[in-house]
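Trainee: Hey, could you walk me through this one? I'm new to reading structures.
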Amino acid sequence: MVAATKHAKKKSAYIAIVRSDDCTGCEACIVFCPVDCIDLMQSRENPAEKYVLIDKETCIGCVLCARYCPWDSIDMIGREPFEQRAELVFM
Ligand code: SF4
Ligand code: SF4
């Protein structure tokens, strides 16, 4: 029997991060994402205000969303530094 870790999916080196202040909720990125990891969200205070959130575990770092965002509101960043920073913040 082969160890499960041998088949563990390799995580991408980069992940997409949305600058929610710049995001208009136009949904263009959702259309292009090949792994369907972008969700449209609605502001609680103002339901007309929309933005997207990216599931960083599922993101494969393909860059399509960043390339096609008409508002240039998605940054690609290194997964490792991001996870290290997140660990420091949430520890
Ligand atoms: S980088 Fe690719 S996989 Fe990640 S959210 Fe953007 S389109 Fe989806
Ligand atoms: S394409 Fe850009 S502006 Fe449009 S929803 Fe996605 S991140 Fe927001």
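This is a predicted model: local features need pLDDT of at least 70, side-chain atom pairs count only at pLDDT 80 or more; totals for chains, interfaces and linings use all residues.

Trainee: Ok! Which residues does valine 18 touch?
Mentor: Leaving out residues up to four places away in sequence, valine 18 touches Cys23, Val52, Ile54, Ser73 and Ile74.

Trainee: And where is valine 18 found?
Mentor: Valine 18 is in strand 1, residues 14-18. Strands (E, at least two residues) and helices (H or I, at least four) are DSSP runs, numbered from the N terminus.

Trainee: Does valine 18 count as buried or exposed?
Mentor: Buried, because its relative accessibility is 17%. The cut-offs are under 20% relative accessible area for buried, over 50% for exposed, and partly exposed in between, with a 1.4 Å probe and protein chains only.

Trainee: Switching topic, how many helices and strands are there in the protein chain?
Mentor: The protein chain has three helices and four strands, and along the sequence they run β-α-β-β-α-β-α.

Trainee: How many aromatic pairs does a search of the whole structure find?
Mentor: One. The rings of phenylalanine 32 and tyrosine 68 have centres 4.2 Å apart and planes at 15 degrees, so they are stacked. Rings of Phe, Tyr and Trp (its six-membered ring) pair if their centres lie within 6.5 Å; planes under 30 degrees apart are stacked, over 60 edge-to-face, and the rest tilted.

Trainee: Which parts does that pair tie together?
Mentor: Phenylalanine 32 lies in helix 1 (residues 28-32) and tyrosine 68 in helix 2 (residues 64-68), so the pair links parts 36 residues apart in sequence. Phenylalanine 32 is partly exposed at 34%, and tyrosine 68 is partly exposed too, at 41%.

Trainee: What about the ligands? Which residues are closest to ligand 1?
Mentor: Cys33, Cys59, Ile60, Cys62 and Cys65 are the closest of the 14 residues around ligand 1. Being near here takes a heavy atom within 4 Å.

Trainee: And which come nearest to ligand 2?
Mentor: Ligand 2 has 13 residues around it, with Cys23, Cys26, Glu27, Cys29 and Cys69 nearest.

Technical notes: Residues are numbered from 1 along each chain as its sequence is written. Chains are lettered from A and ligands numbered from 1 in the order in which they are written. Side-chain values use heavy atoms; hydrogens and water are left out. Contact means heavy atoms within 4.5 Å.
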